[in-house]
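This report walks through one protein model, element by element. Please keep the structure open while reading.

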Amino acid sequence: MFSRHLLRFLIAALAASSLFAQQKRIPPPGVAIPAPERAQLEALLAQKRAAFEKSPDLAVRLKAVDWALRYNEFFKPEEVANARAILDEKFGQPGLVVHGFKSEIDDSIQPYGVVLPPSYSPTAKGKWRLDIWLHGRGDTTTELNFIHDRLTKRGEFTPPDTIVLHPFGRYNNAFKFAGETDVFEALADIQKRYAIDPDRIALRGFSMGGAGTWHIAVHHPGEFVLANPGAGFIDTEEYLNKRPTWAMPSAWEQKLWRLTNAKEYAANLLNLPVVAYSGEDDPQKAAADIMARELSKSGVTLTHIIGPKTGHKYEPGAKAEVARRVGALMDRGRQTQTRVRFVTYTTRYPHSHWVLVHELKQHWERAEVDAQLVPGGIAATTNNIGRVEFYFGPAQAPFAAGQPVKVTLDGRTFDAPGPRSDGSWNWVSPGAELEVYKRPGLQGPIDDAFGSRFVMVRPAANAPAWVKNEFDRAVREWRSIFRGDALVVDEAAVTPELMKSANLVLWGTPQTSKLIAQFPAPISWPAAKDQMLIAIYPNPAAPKRYLVLNSAVTFREDQSYTNALQTPKLPDWAIIDTTAPPDGEKPGRIVDAGFFQEDWRLAKK
């Protein structure tokens, strides 16, 4: 007779295998490469390795071919010739460049493409306009195909006298999480190499790149001169409600859509010019229609260029109109914002122009700042804000030197000192600052730890099998989805310096990990022996860094077939019943889950 646990296991395994058969994994399996061609490529790699590893720009090419061979990522036979081509340092069309940089997240080498205009000269006077172009989804657009494309194709838009940056975005994640970080890392790297005008940087993209443009623009409205999204998606619920097999998830997962949904942050576009594009017959036109609906609530009409009788592509006439409008805004450049209206739901996204949110009263509820420059100071109102800062960098303060600044905040007036001698100025609203609280970069959820530097601590030999399997899966999926080798150390190698430099991901239980026992989570370990704790919380030994227990990014293999499902699936903590086997959507049966309070303590039920 089957035991109850065994029967449950078999039923879950059958359901999981059926689900696995239905969903598309990425990257897809590659094609077989004939042994002689494989041997030739391996020999060429060996020949090039020593020289290429000295330069990030060449190391990305080495990685692209090495990973294609190692992980079966040749998807067409002709890609073997592409691999040989990119290993030739001189390969590429004039004006097309591929650079590489070492990511702060995991020390991986990541690529980006650059299109230089015919007028470009490294000795030219002045600074260059920069357009950032976010690419569309391509399940086979791993490093090899991305680099080959960037050396042979100029892209959708190549405006005159403009450098175009093509971030890789760590593959197919709609430029969220580590993909979002990649955009800013690539931007920082290109600014070191070329004379970029910081007041003429545009964010643009189409399809998945359009989704990425909406996402990054509304969450970082002060970083760009304009946003030009084409097609894409802007939320999870409305996008997936059109699919008959999709059902609404848990309450905490729905709440966490407020991290990634663009539509909730639409009001931030009041301080960022937007030119949207859609084909008239493209189902993804719904993205701009929804954003137009949300912007109208703030009294703004979205500029939406529509290609007549056109599907998922640019119509020539509409494309020309997009280029004209974008060009006019870029010629004007960045404008000083005398009024900043800012919406957020989390201190992960805390700033717009000269407004910086330090604390929320309640995470995942709408928080607002409406701040305006007035003669001699600032007048502002807030909602759901704990503490807020107003700041201007050197030579940016709009106040008279030697004169105090009056700040009126929610009806209270404060006298602040005038600008410093370098023309900078800031003021932080009063309030008791807790030693540990949810603040920018330290507010959860679990997925937040993986957008900045993290190190995984290998589970001990006596760790439960579930822990070891989830650790192996985490390392494997990080490579597949975010295109890096996760940094892994043994627990004995963890030092105070390491804890200060990275978020630590611990795997095990208090019985198998000294660090888990030494730095317990704000929630008690489950008493049932078959239950495991997943959690994120500040590291007591390094309060500006996270500790994560038994988890990586919380969306799983079967949820990457659409970018709309690449969202956080777990909040700050969860208890997992490991008698239900993990599958492509969950790490086991979720017994309970929730958010810690603003002071990182467990909320009373």
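## Helix H11 and its surroundings

H11 covers residues 316–332, 17 residues in total. At the start of H11, a side-chain oxygen of Glu-315 comes to within 3.1 Å of the backbone nitrogen of Gly-317. After the helix comes Gly-333, with a positive phi near 80°.

## Helix H7

Helix H7 runs over residues 208–219 and has 12 residues. From first C-alpha to last it reaches 17 Å, close to the 16 Å expected at 1.5 Å a residue.

How many residues of H7 are buried? The count is 12 of 12, so the helix is mostly covered under the cut-off of under 20% relative accessible area. Among the buried residues are Trp-214, His-215 and His-219. The list also includes Gly-209, Gly-210 and Gly-212.

## Confidence

The average pLDDT of the protein is 94. A score of at least 70 is reached by 95% of the residues. Residues 1–22 stand apart: their pLDDT stays under 50. For that stretch the model has 15 contacts beyond four places in sequence. Where pLDDT is low, predicted coordinates should not be read in detail.

## Aromatic pairs

The count of aromatic pairs comes to 31. One of them is Phe-101 with Tyr-112: the ring centres are 6.2 Å apart and the planes stand at 40°, so the pair is tilted. The pair links distant parts of the chain, with Phe-101 in strand E1 (residues 96–102) and Tyr-112 in strand E2 (residues 109–115), 11 residues apart. Phe-101 is buried, at a relative accessible area of 6%. Tyr-112 is buried too, at 0% relative accessibility. Next come Phe-206 and Tyr-314, whose ring centres are 4.9 Å apart with planes at 40°, so this pair is also tilted. Phe-206 lies in strand E5 and Tyr-314 in the loop between E8 and H11, so the pair ties together parts that are 108 residues apart in sequence. Phe-206 is buried, with a relative accessible area of 12%. Tyr-314 is buried at 10%.

One aromatic cluster is formed by Trp-354, Phe-390, Phe-392, Phe-399, Phe-414, Trp-425 and Trp-427.

## Charges over Trp-67

Which charged residues sit over the ring of Trp-67? The charged end of Lys-63 sits over this ring, 4.6 Å from its centre. Arg-479 lies over the face of Trp-67 as well, at 5.3 Å from the ring centre.

## Backbone exceptions

Most residues other than glycine have a negative phi, and most peptide bonds are trans. The following residues depart from that pattern.

Asn-72 is not a glycine, yet has a positive phi of about 55°. Asn-72 sits in the loop between helix H3 (56–70) and helix H4 (79–86). At 34% relative accessibility, Asn-72 is partly exposed. Tyr-171, also not a glycine, has a positive phi of about 90°. Its loop connects strand E4 (162–167) and helix H6 (178–193). Is Tyr-171 buried or exposed? At 0% relative accessibility, Tyr-171 is buried.

A cis peptide bond joins Gly-444 and Pro-445, with omega about 0°. Pro-445 belongs to the loop between strand E17 (425–428) and strand E18 (454–457).

## Asn-503

Asn-503 is in strand E20, residues 503–506. Its relative accessibility is 2%, so Asn-503 counts as buried. What joins the side chains of Asn-503 and Ser-452? A polar contact of 3.2 Å does.

Beyond four places in sequence, Asn-503 is in contact with Ala-449, Ser-452, Arg-453, Phe-454, Val-455, Arg-545 and Tyr-546.

How values were computed
Residues numbered from 1 in each chain as written. Heavy atoms only, no water. pLDDT = per-residue confidence, 0-100. Contact = heavy atoms within 4.5 Å. Helix = DSSP H or I, 4+ residues; strand = E, 2+ residues; numbered from the N terminus. Buried < 20%, exposed > 50% of the residue type's maximum accessible area, 1.4 Å probe, protein only. Polar contact = N/O pair within 3.5 Å; in protein donor to acceptor, adjacent residues only side chain to side chain. Expected span 1.5 Å × (residues − 1). Phe/Tyr/Trp six-rings, centres within 6.5 Å; stacked < 30°, edge-to-face > 60°. Lys NZ or Arg CZ within 6 Å of the ring centre and 35° of its normal.
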